[in-house]
Amino acid sequence: MPAAGAVLLSPDDEHNRRLVSNVHPPAWRNPQPAERYNLVVIGAGTAGLVTTAVAAGLGARVALVERHLMGGDCLNVGCVPSKSLVRAARAWAAVPRGAEFGLSGPDSLQRDFGAVMARMRRLRAGLSSVDSAERFTGLGVDVFIAAARFTGRDTVEADGVPLRFSRAAICTGARAAALPIPGLAEAGYLTNETLFSLTELPPRLAVIGAGPIGCEMAQSFARFGSEVTLLEQIGHILPREDPDAAAIVQRRMAADGVRLALDAGITQVARRERDKLIRYTAGSAGHELAVDDVLVGVGRAPNVEGLGLEAAGVAYDRTGVKVDGHLRTSNPRVYAAGDICFPFKFTHTADAMAQILIQNALFPHPLGLGRASTDSLVIPWCTYTEPEIAHVGLYEADARAKGIEVETFTQTLDEVDRAVLEGEDDGFVRVHVKRGSDRLLGATIVAGHAGEMISELTLAMKTGAGLGAIAGTIHPYPTQADGLRKVANQLRRARFSARQKSLLTRWFAWTR
């Protein structure tokens, strides 16, 4: 039967048409279903695609059902387009610093926001072949471009066509949540799902929410030339992060021209001719902000509607599908992975969960216990502002709340040669270890490429290698990653007591 209705992305250019031809082919015809599948996967975002590819690679008969765009948020409205904009904004921000590096020339350069967005669409379309319906068909998967709905404990319908399964995986992800701000819906606003359709730069942009999405886009659009105001209801940005790390990024964003409205309680959004008016309180004062566009960068809602979860006996609530540590739902035939069921909503977490789902769904333990668990995951994350903030494990306050005695060591980047040479020395590497040992409990890095540096510490946590292993590892000089070695050496020095030094001093005096 024909696939679900055609999708048209804005703007309708060659890049978006190429994207759609890969991830929602207009002429796609759904296959004749098998009598029964080892696995039916609902949702073709990261969790669904990885689950599907691995299962098919192992020889399982797999059906993949996606009603909208394969690739999910990451490819279409998340990681891929946003990081393209972040990179372009960094290039724009580097131009005014040219004199610092001996460059001189015209005071003005032609700046083309439309070209930035066209580059993003071109790169996104180029990457989309990896997530395409054609590729997965080539892997032996039955790809259905259709809406899926459970009709029983072992049956899904894809646009009315029944698909019977031994196991199913719900990987439908999450979407931008609507905020209950009076007048916001009527005034109109952008989310990550509509932001990347822009072709013209908003002269004045309000960003609601100073989490990772809000901060990345606020800084980027300010660098492109928008007059950006970032509104956050608490007193600082990035509330989940180490406060010292957030303070560094906050300073940089202010230097980039982002106006920060903190402790801001938004009371109403209204329209006045072409303007959108945001009324908010900060302290005891009321304020009114006129902008051209509003970007909501806070809140995610799970995509549970229309799935017929009741018919499958799958429990869920407003946070998503309920799973145990082995990713099993209340129906033992049905599993879930990714944003639909997990609080850490990252692409790399969805990938890792897909691996767990495959082990447990297709290779169950004889006693019915899952072989793999989310309890074993060590999850790093990164916010791609400039500088970046990357984190893994516990914060110091978290460890103390768990009754763990902690020692914290911090290496500032102004003592890391490569950071100084690159003019990126406002940052640090901070690690938390269990007192009396070198066991790593958590770490935060603030640096130009913190996301590239955090994996070494994640590996140490995952393997139990400890900071001693990092201190004893040769790092190329000069690199910013040398900050990891330096902070590990701080622990060595801390463990070297005054009594040990006194004994060695006497030994060296005796052996002269």
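Visitor: What makes a residue buried or exposed here?
Guide: Buried means under 20% relative accessible area, exposed over 50%, and partly exposed in between, with a 1.4 Å probe and protein chains only. The model is predicted: local features need pLDDT of at least 70, side-chain atom pairs count only at pLDDT 80 or more, and totals for chains, interfaces and linings use all residues. Residues are numbered from 1 along each chain as its sequence is written, and side-chain values use heavy atoms, with hydrogens and water left out.

Visitor: Why is strand β20 called largely enclosed?
Guide: Of the 6 residues in β20 (388–393), 5 are buried, so the rest of the structure largely encloses this strand. A strand is a DSSP run of E with at least two residues, helices are runs of H or I with at least four, and both are numbered from the N terminus.

Visitor: How do you know that β20 pairs with β23?
Guide: Two strands pair if DSSP finds at least two bridges between them. β20 and β23 (residues 440–447) have 6 bridges, in the antiparallel sense, so they meet that definition. Ala390 stands opposite Ile445 in β23.

Visitor: What joins β19 to β20?
Guide: A hairpin, through 4 residues. The loop between them holds Pro387, and the peptide bond from Glu386 to Pro387 is cis, with omega near 0°.

Visitor: Why is Glu273 called exposed?
Guide: Its relative accessibility is 77%, and exposed means over 50%, so the term applies. Glu273 lies in the loop between β11 and β12.
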